[in-house]
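A few questions and answers follow.

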Amino acid sequence: MSRSCCKSLFFSCSDRRLAGRAHHRIGAVVTVLILGCGLLGGSIVAQDDMMAEQQEGVSSDMDEAAPPDQPKITPEQAAFFESKIRPVLVTNCYSCHSQQSGRSEGGLDVDSAAALLNGGESGPAIDVADFEAGLLWKAINYDGLQMPPQDPLPPHVIEDFRIWLSQGAPDPRVTNVVRGAYRVTPEAIEKGREFWSLQPLPAASSEVVAKVVQTHAADLQATKPIDQFVELQRHLQGVSTPPTADSYTIFRRLCFDLLGVPPTAEQVDWFQGLWAQDPEAAMSTAIDFMLASPKFGERWGRHWLDIVRYAESTGREVNMPYTQAWRYRDYVIDSFNNDKPYDRFLKEQLVGDLLPARNREQKQEQLIATGLLAMGPKTLNERNQRQFEADVIDEQIDVTTRAFLGISVACARCHDHKFEAITQEDYYALAGIFANAVTHFGGANSQRNRYVSKLIDLPIPDSQPAMAPMKPERIAAMQESISQLNEELREVRRSLVQDRRANRRPGSGNNATGNNGNAANGMEQQQRQQMVQRLTAQIGSLQGILDCYDSEGKPRSQCMGVQPKPRPSDVRLLERGEVNQPGATIPRGFVKLLDKSPPKIRRDSSGRMEFANWVANSENPLTARVMANRVWQHLIGEGIVRTPEDFGVTGSRPTHPELLDYLALRLIENKWSIKSLIKEIALSDAYRMGWQVDSLASDKDPENLYLWRSHPQRIQAEALRDTLLWVGGSLDVERPTGSLVAQAGPVEVGRGQQLAQLLIRAATSRSSMESSNSDEMMSESEKPSDNADVRPNRNLRNEGPLMADDNPFRRRDMAALNSVSINETSVNRSFDYRSIYLPVVRELLPRSLELFDAAEPSMVIGVREQSNTAPQALFMMNNELVRQQAVALAERTLEKTGGSSQAIDYVFKTAFSRPAAPDEIRHCEAFIADMTEEFGAAARAREAERATEQERRQRRDARNRRAQRGRDNSTETAPNQTERQSNPTSTEISPELQRQVMIAFCHAILATAEFRYRN
Amino acid sequence: MNQPNPSPIVASRRQWLQNATSGFGFLAFAGLNAWAQPASALAAAQDPGNPLSPKESHFPSKAKHVIFLTMAGAPSHVDMFDYKPSLKRDNGKAAGRAGGTLMGSPFSFSQHGESGLWLSELFPNLAKHADRLCLLNSMHGDSPNHPTAQTQLHTGNFQFVRPSLGAWTLYGLGTDNASLPGFVSLNPPAGNSSSYRNAFLPAVFQGTKLNLGGNPGRGSASNRVPDINNPMLNDDQQRKQLDFVQQLNQRQSEQLPEHPGIEGVIQSYELAFRMQDSLPELLDLSKENQSTLSMYGANNGRSARFGTQCLIARRMVEAGVRFVEVQSGGWDHHNSISNQLPPKCEEIDQPIAALIQDLAQRGLLEETLIVWSGEFGRTPFTRNGVGRDHNNRGFSAFMVGGGVKGGLRYGATDEHGIAAVEKPMHIHDFHATILHLLGLDHKRLTYRYAGRDFRLTDVHGEIAHEIIA
């Protein structure tokens, strides 16, 4: 058989396209890397022993290069392989599947034992346990796959392969790896353990305090431990002590920090009363009051969602919604509200599926918690399944190590960490732990989505499902469609097989570009191929919807998360992180740098439980420090370590190391209670710091590391939108059921427009049920109605998911929907719940959030930007949401104060949480007078015009009437007279004018910098 | 940590905030009523406290503006700008190691201009400017996947979130017109923020995305910018309201001097208010005469959308916008090159030719660098007999104006167009060269983030000096 036999057909037709594409990736990468490595002195991989022998300087520390779990090969086996198997592989397969040829069609190489076991896109080539199930065996027997493609191997050769494979495919070819010069040495790891963040915490918080007070007692004024640490640093750094902020500022600070909304005018007065009696008691009372509010969890839960990159879709090109992600969101909010011990909270998210549960409720909660591991961004059109799986695991490693431990392990995916003493082996040891969990994230098939995964059924059915039920007739109809489509699919597949047979007949050309006599030509085959794809996608799409319902049409109660795999195993290290370059098998384990003697992982355990116990542990030097730092950051404005995700070499050092240890220990000592830690910090003097200008301190410490003044914060996106609705009195403080994304159903977001449409419809349908004039309120340009498909559907709730009442397969004119986005006027306007409940679709954030630096939902975000941009300014000046809330605030103000002199004070207290100063009142009064004049003049001008027009019309009407004679005109003149009576006189201010002015005033207040800041 | 910052331009977000604060009073209150006037826009732009004010480049250069035309989906280089006679000759032969069957271009190529540049028949209009074109025939990148390659084309990196080319440019050079955003991205596809994002750079350097130019086949162009006007207040009333807002902001700023945010808010209102006037006017094409619209093909069929956007891009550059990106989608032609490619080329051929001509006749071509590229190219071979697949190993881009040589063909792929072999130009090299043309040294244009100095080109990037006029 000649090499050219592998020319054009590879695997089945359906795989051909994939194989081609895979080749490009691999070919390019291999070429570039090998050339590059030669020049840069990087790593070189020799996949064949003959090549390896020519290499010099094989690194001695890579003796484990031969997979350790592979059985020892006897000399007989080696001889058999060399004489019977290797020549066949070389002659028949290497031209398309080897490093030497540079081609790895279908992602498969056959020139090393590891590569065969690792397999290609279709899976491992060899199944050691059941050789007849292996793809290589099937392919040489022309069972499904046909290899070599032109002619099968002779029977005696196949028999040789049977012998070889049945023995477990003993393969003497060794993958010799020459690694680059940069390696993390054991000494480096030893040295790395001396780093500050890896030092064990002191025994008790009291010990830390005692040490500081002993050494500096004479100098310290402060009495509370936190303040002693802060004061000590100020002394040491030679910066001044800030003044205490006024009680209004402190109370506003507290409300934003703990609840995410400012106090009402009444609450402002209430707190002032308490403060006047006893500031300490006032703070304590207010803090307790707020920590008990359900709004607390909605505020602090959002911080957590930032760092675990919470989102309701996969992101990237295909962007499939996660219809059940909201359950995790609610879980997080509830956990913060219930003050769930932080160690427990972490454990549930890592191993909720493995933890014992007392009852169904707890089981449910724990299953939902593992959603953390499932909701990372995913490339659903990734063609290589191994790549996809490796990326999912990478994402899980990244989020858990950075969010929980403040250390980035994911950097070691491709090579030893450049800065930290973390090896590539460490990474794959951890990857092995996660690889033993199946990740369930849901989604429906589509033409581009190659990865559909089932959701986990929850033990408790939803009493109030997030999706509307579907009529049983509809379910039946969809099932009917599926079977019809399946029939069609079988038909097309049959003709494809016939084509292939015809093509293989002797005499028929094998040229895809030409006509092949009576067989279908390339074009027709191509069409059939596309048909198969389309039908498969249609079936998958319908099935995806059906999977959300039980047979009666009731939405199932399901969640995202992970489930254990039955038999734990290890993974192989991937050279340069490339899935086609598997190296040694790495035993499951932890990062060596972080623990000298980590807990052992039992053979029959995936290691995930051990990992969770090790992370959520008071002995772990990082876990408590990292979380204590976050809590401090959210209250003080900047962390003690300013890189909350990076407690490593590249991160910032702690500005107050003893304070950080103290807080970490307090967290542990208070049974990991987040609320207790918050309360202690909020009760400190540090929390009451005021603002000052001190040029000396500015020069010494421009970044205010040592807290010589407060850290003002621009209010975060969610809090700003909540505050707008709050001051307007429009905020719905209840928690909505589910999410708009759940209502939209499992439909591919695609370029974003399709789901945007569905979300808009979900939102408008809600508002159209609740307010009859939602359509009228939308200005013409904002109506998403150019497309008939997107008109609000008022009967939605009774009709099943939004997805289902469309034909999902009709290709929408995507471009025609370009102008539609999730903007204020659609989703945001009609959705008046707290912003944490807004849909978080990757790449498609609601405008009010995106504009104000909401956390990018594909990234671990510990610190948000605080920008001030022109589009934000335009938003505050003109956006409908802001204008509506200005109207609402104005109307409330007039109602409460009757437009009296107290109005200004009321608005200030509501918007700024403080009364207006005398000079401000003067400014405000001047503006109000000015606008009264302005609007009054405008109204009079309009009125005059209208009157003239009316008179003209009356004269005309009268003429007409005279001409038509005998019509009664009394009913027509009466209203005109009344209208004229209501005309404002030049001196009197009409209620309408007063309202108009108050709206302009309130709008201005909402637009100020102060409204957007917590100082 | 207070680490020294080697960046010559802006040290850190904090530092420029501090600069902004020390420069407080920039456009003091007396100036508020003159907001809409160009003079004050200029004054604002030149204020040293404004992070967007124009900055000295590292060295003198011709190019001051960039119009970046990106073709999402990966256009087929061997059918457009990379003439391969051998491919035609070897049509139908096995592509060798690469697999598939070689497929000669179904389109004819001919030489144009004095330079004799070979161009495909798909670009009859662009061909008239052959002597201005600088073809880059040896482009290559690291990823054959659309999203990742798009990200690399824009940010240099395909794995991590990094600032885009436009954000780096704005960071390096600032902008001339304070009434307009300095970096505009016209119609970026939803789901790909990599093309305009600032990543770790301060948010002022983020591209302002504008969805303009209407939709293909729908005739009228709807040039709307969100929140650009207030239906409740007229201009005078809104100005009064804003004066009042700024008065309160000013008072706050006196109460809390050096406050990092208040000054930012005051500045943002200044630009926003000016944008309200300038942006709709800039986007209002009704006053463009019919011949201009026809020149861009902005009023006819296929080229209407891209033509309108090119025209807007020209107006923006003219108004002083530093970096404008125009994206065109739908270049992923797996299924049929001969059917799918011609209409796509028709969409862009006339508009780009018009853009070159228009800029030239306005004397703006020398200072405006037009860059055209896809995220990668396509295979010279075929697997289904009619279409071409992804190829990141060799593809073509081109540049016009902005101090590049015209009538030049730089670098080459192998005889069939599979891989870049002669003077290969990696995306990093491409970026380094663009920055160089703007007078920026890609090695010195750094920003400190997470404890290290980042560059657009990471540790790579060779400048293609040969293409510089």
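**Backbone details of chain A**

A:Pro148 sits in the loop of chain A between α5 (135-140) and α6 (155-166). Helices (H or I, at least four residues) and strands (E, at least two) are DSSP runs, numbered from the N terminus. This is a predicted model: local features need pLDDT of at least 70, side-chain atom pairs count only at pLDDT 80 or more, and totals for chains, interfaces and linings use all residues. Residues are numbered from 1 along each chain as its sequence is written, while chains are lettered from A and ligands numbered from 1 in the order in which they are written.

Colleague: Which kind of peptide bond joins A:Met147 and A:Pro148?

Modeller: Look at omega for this pair: about -10 degrees. The bond joining A:Met147 and A:Pro148 is cis.

Colleague: Is A:Ala169 buried or partly exposed?

Modeller: A:Ala169 lies in the loop between α6 and β4 (176-178). Its phi is positive, about 55 degrees, although it is not a glycine. A residue is buried with 20 or more other C-beta atoms within 10 Å of its own, exposed with 12 or fewer, and partly exposed in between; C-beta atoms are placed from the backbone. Because A:Ala169 has 23 C-beta neighbours inside 10 Å, it counts as buried.

Colleague: Is A:Asp339 buried or partly exposed?

Modeller: A:Asp339 is in the loop between α14 (325-337) and α15 (342-351). Its phi is positive too, near 50 degrees, and it is not a glycine. With 19 other C-beta atoms within 10 Å, A:Asp339 is partly exposed.

Colleague: What percentage of chain A is buried?

Modeller: Chain A has 38 helices and twelve strands. Of its 1015 residues, the buried share is 50%.
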